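Dear colleague,

Please find below the structure that I am handing over to you. My notes on what was found in it follow.

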Amino acid sequence: MGSLWDVVLAVVCILGLTLAGCWLFGLLLRPLPGREARVVLSGRGEGGGLEQQVRCFIWLRSLGLLRCPVVIADVGLSPAGWELALRLTARWPEVILWPAADLGDYISRT
């Protein structure tokens, strides 16, 4: 009878440790709490790699791991890069195009 209680106690301990581990892992992956945080991506030149970066953050948003807006800071986009950034903002409303010199105004405004 004693070995039965040992097995039950071992199972309860394993389940408790599993629950604690899942809870701690959930804390690690908890989404950002709100719109106070922002992801700022710098847009330069032709915007090489900009679409991939935006897609990565949109994917995180779709998984529920990120709730903040994605801001593309214009740090010298060429006309082609500007068009790319405009297409990205038109495709996803949570993506914002903003001049890098005026980012302080954007942050204080929202």
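In what order do the elements of the chain run from the N terminus on? The order is α-β-α-β-α-β-α, that is, four helices and three strands. Helices (H or I, at least four residues) and strands (E, at least two) are DSSP runs, numbered from the N terminus.

Please note that this is a predicted model, in which local features need pLDDT of at least 70 and side-chain atom pairs count only at pLDDT 80 or more, while totals for chains, interfaces and linings use all residues. Residues are numbered from 1 along each chain as its sequence is written, and side-chain values use heavy atoms, with hydrogens and water left out.

Overall form

Along the principal axes, the C-alpha atoms fill a box of roughly 80 × 30 × 20 Å. Of the 110 residues, 25% count as buried; buried means under 20% relative accessible area, exposed over 50%, and partly exposed in between (1.4 Å probe, protein chains only). Among contacts (heavy atoms within 4.5 Å) between residues at least 6 apart in sequence, 75% join residues at least 24 apart.

Helix 1

Helix 1 has 27 residues and reaches 39 Å from its first C-alpha to its last, close to the 39 Å expected at 1.5 Å a residue. The expected span of a helix is 1.5 Å times one less than its number of residues. Helix 1 is hardly covered, as the count of buried residues in it is zero. Trp5 belongs to this helix (residues 2–28) and is exposed, with a relative accessible area of 55%. Between the C-alpha atoms of Trp5 and Gly49, which are 44 residues apart along the chain, the separation is 59 Å.

The nonpolar core

A nonpolar core is a set of buried Ala, Val, Leu, Ile, Met, Phe, Trp, Tyr and Cys residues joined through side-chain atoms within 4.5 Å. The largest one here has 16 residues, of which Leu50, Val54, Ile72, Leu88 and Val95 touch the most other members. Two or more residues each come from strand 1 (39–45), helix 2 (50–63), strand 2 (70–77), helix 3 (79–91) and strand 3 (95–99). Leaving aside residues up to four places away in sequence, the contacts of Ile72 include Leu41, Leu50, Val54, Leu88 and Val95.

Gly64 follows helix 2 and has a positive phi, near 85 degrees.

In helix 3, the buried residues are Gly81, Leu84, Ala85 and Leu88. Seen down the axis, the buried residues fall within an arc of 95 degrees, so they line one face of helix 3. They pack against strand 1, helix 2, strand 2 and strand 3. Pro79, Arg87 and Ala90 are exposed on the face turned away from the buried side.

Salt bridges

How many salt bridges does a search of the whole structure find? It finds two, a salt bridge being a side-chain nitrogen of Lys or Arg within 4 Å of a carboxyl oxygen of Asp or Glu. One joins the side chains of Glu51 and Arg55 (3.2 Å, N to O); being four residues apart in helix 2, Glu51 and Arg55 are separated by about one helical turn. Glu51 is partly exposed at 31% relative accessibility, as is Arg55 at 37%.

Another salt bridge links Glu94 with Arg61, their closest N and O atoms being 4.0 Å apart. Glu94 lies in the loop between helix 3 and strand 3 and Arg61 in helix 2, so the pair ties together parts that are 33 residues apart in sequence. Glu94 is partly exposed at 22% relative accessibility, and Arg61 is partly exposed at 23%.

With kind regards

Conventions. The arc is that of the directions from the helix axis to the C-beta atoms.
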